[in-house]
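Biologist: I'd like to learn how to read a model like this one. Could you walk me through it, one feature at a time?

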Amino acid sequence: MNTKLYKIGWRLLQAVPSILGVIIISFVLTRALPGDPAVYFAGAMADKESIEQVRQALGLDRSWIEQFFIYVGNLVQGDWGQSLKTGQPVTEELLKRLPASLELTIIGLGLAVLAAVPLGILAATNPGSWVDHICRLLVTAGVSLPTFFTGLFLIYIFYYLLGWSPSPLGRLDIFYLSPSHVTGFYIIDSVIAGDLEIFLGVLAQLVLPTITLGLFALAPIARMTRGAMLGALSSDYVRTARASGLSKSMVLLTYAFRNASLPVLTTLGMVFSFLLGANVLVEKVFSWPGIGSFAIEALIASDYAAVQGFVLSMALLFVTVNLTIDVILAITDPRVGLEE
Amino acid sequence: MSENLVTVVSFSLFLFIIFLGLFGEFLAPYDPLATAASNTLRPPSWAHPFGTDNLGRDVLSRVIVATRLDLSIALSAVALSFVIGSALGSVAGFWGGWWDRIIGRFSDTIMAFPLFVLAMGIVAALGNTVENIIYATAIINLPFYIRVSRAETSIRRQAGYVAAARLCGISEIRILATQVFPNTLPPMMVQISLNMGWAILNAAGLSFIGLGVRAPDAEWGIMVAEGATYIVSGEWWLALFPGAALMIAVFCFNLLGDGLRDLVDPQRRT
């Protein structure tokens, strides 16, 4: 157990250079603006005085090293700049909208895993069958599909043609009042408030965007599951398990799948990174008021502090998710910590 | 034979797409920029096989002409990424040591960002032009090429011909450039083809959210964005045809990459 803790501690330590690298690149991006950064951050309506104030606050007249430390100091204190459009601090805007995006991403990822993992397992256990061919076709086609395209076409089929889905205009129909804020996740809040109607309304709005995101994540997860299961099923320990007369389900689930789930879990980290990008597109298609739409509006309005805040927060989220996955892997994999 | 069939089909499709990119503007039946206020939002018909959009422009012509813009953006980004990434990766793979650590750290830092988000940040920082879309896509693709060329170079750096070249007194850099690097090209070609599909999707995604390409230029991403507002009222053809063209192009490059991989290294088939 001691070596396992040591390994986990070492992995946590390895996250520090990653975070440092992310902050450095973010810093470079805020200073890479063509022309005078102070003008960009002060905004189009600023007069000479406010531009000077911004220049002082960001330390633009000092050396690069000093600027970097001022930047990091501001970040740590929670000052990520002001959003020009709304006049609010960037951190407030991001935190306000984060639950909407997380709700979408987590449910989308969940759907993808629920669909892709069984598909991959079935394809691996029945090689050459129609399930296998469907899986391979889905994987090859899935990586070619643009997310925004699938979203739009799901809207066309299920909203316009069939009328099953509500209008794709955000998290809740205008008829309903949003549930009182506890976590910001409408699904949880509506359950806490005990309001069935709002809960069903929220669920109805969630269906199409989460399916779109899920479809996007389906292909890489199915491919990795199939590959990992194929590898596990042809391994020595599975052959021993079969030879020992263990039941099919025991061999499949306890032995093969347990071992195959490790690379699948690692792939989930990479898929999460792609999902954070696809989130932006899906939020635009479905007018979802999350972080992605905030970033798009900020981009169009040249609201630089907001955009860079968005990029930095997504990167930090991704590093955290990867770290969590690695720590979970280190804990659950009994081989970790036994090498010494 | 069936595997070769897939490669043949995808290669023919690839040639067709290149042909459209080069000669599209002569093949388009109408001027892609010509508006016609009386002919807006017509569904597909014999006169306009892909229908007309909200300004009366022929969608078929715009889809054909957009091929050139999409392909050139993706091709420039991939070429830039390949040149810089493979140079960095080869250096890292050949000499190892500190070079490997620094270049590896640089590559890992880029990979620490969700790549599409990083592209948005780069375009926001550098300015909203098509050139910057190309630079942003090139930067986010760098880790991909660094990783592949590093792996391929480090496999080959102990090869017999490298030792023989050293015995001939050829300098290390010349060995890397003239002996090792050309041998890494076949697997790199596979990666380039697979990467092209991804680069096209990326560029289209960026223009879908409004970066880079401006109206009235014809580009698949921006055409889908313009058509998005009409889908809810049932005019599906504005978004379907550019979206389908996008899908087919990406699918073609992916199949081509898979086919090339089967040719180059049969052991790595999935």
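Biologist: What percentage of the 270 residues of chain B count as buried?

Modeller: Keep in mind that this is a predicted model. In chain B, 51% of the 270 residues count as buried.

Biologist: Which secondary structure elements does chain B have?

Modeller: Chain B has nine helices and zero strands. Its C-alpha atoms fill a box of roughly 75 × 50 × 30 Å along the principal axes.

Biologist: How much of the contacts in chain B with a separation of 6 or more comes from residues 24 or more positions apart?

Modeller: Such pairs account for 70% of those contacts. For a case to look at, take I110(B), which lies in helix α3 (residues 97-111) of chain B. Beyond its neighbours within four places in sequence, I110(B) is in contact with I140(B), L142(B) and P143(B). Between I110(B) and P143(B) there are 7.0 Å from C-alpha to C-alpha, though they sit 33 residues apart in sequence.

Biologist: Why does I110(B) count as partly exposed?

Modeller: Buried would take 20 or more C-beta neighbours within 10 Å. I110(B) counts as partly exposed because it has 19 C-beta neighbours inside 10 Å.

How values were computed: Residues are numbered from 1 along each chain as its sequence is written. Chains are lettered from A and ligands numbered from 1 in the order in which they are written. This is a predicted model: local features need pLDDT of at least 70, side-chain atom pairs count only at pLDDT 80 or more; totals for chains, interfaces and linings use all residues. Helices (H or I, at least four residues) and strands (E, at least two) are DSSP runs, numbered from the N terminus. A residue is buried if 20 or more other C-beta atoms lie within 10 Å of its own, exposed if 12 or fewer, and partly exposed in between; C-beta atoms are placed from the backbone. Two residues are in contact if their C-beta atoms, placed from the backbone, lie within 7 Å.
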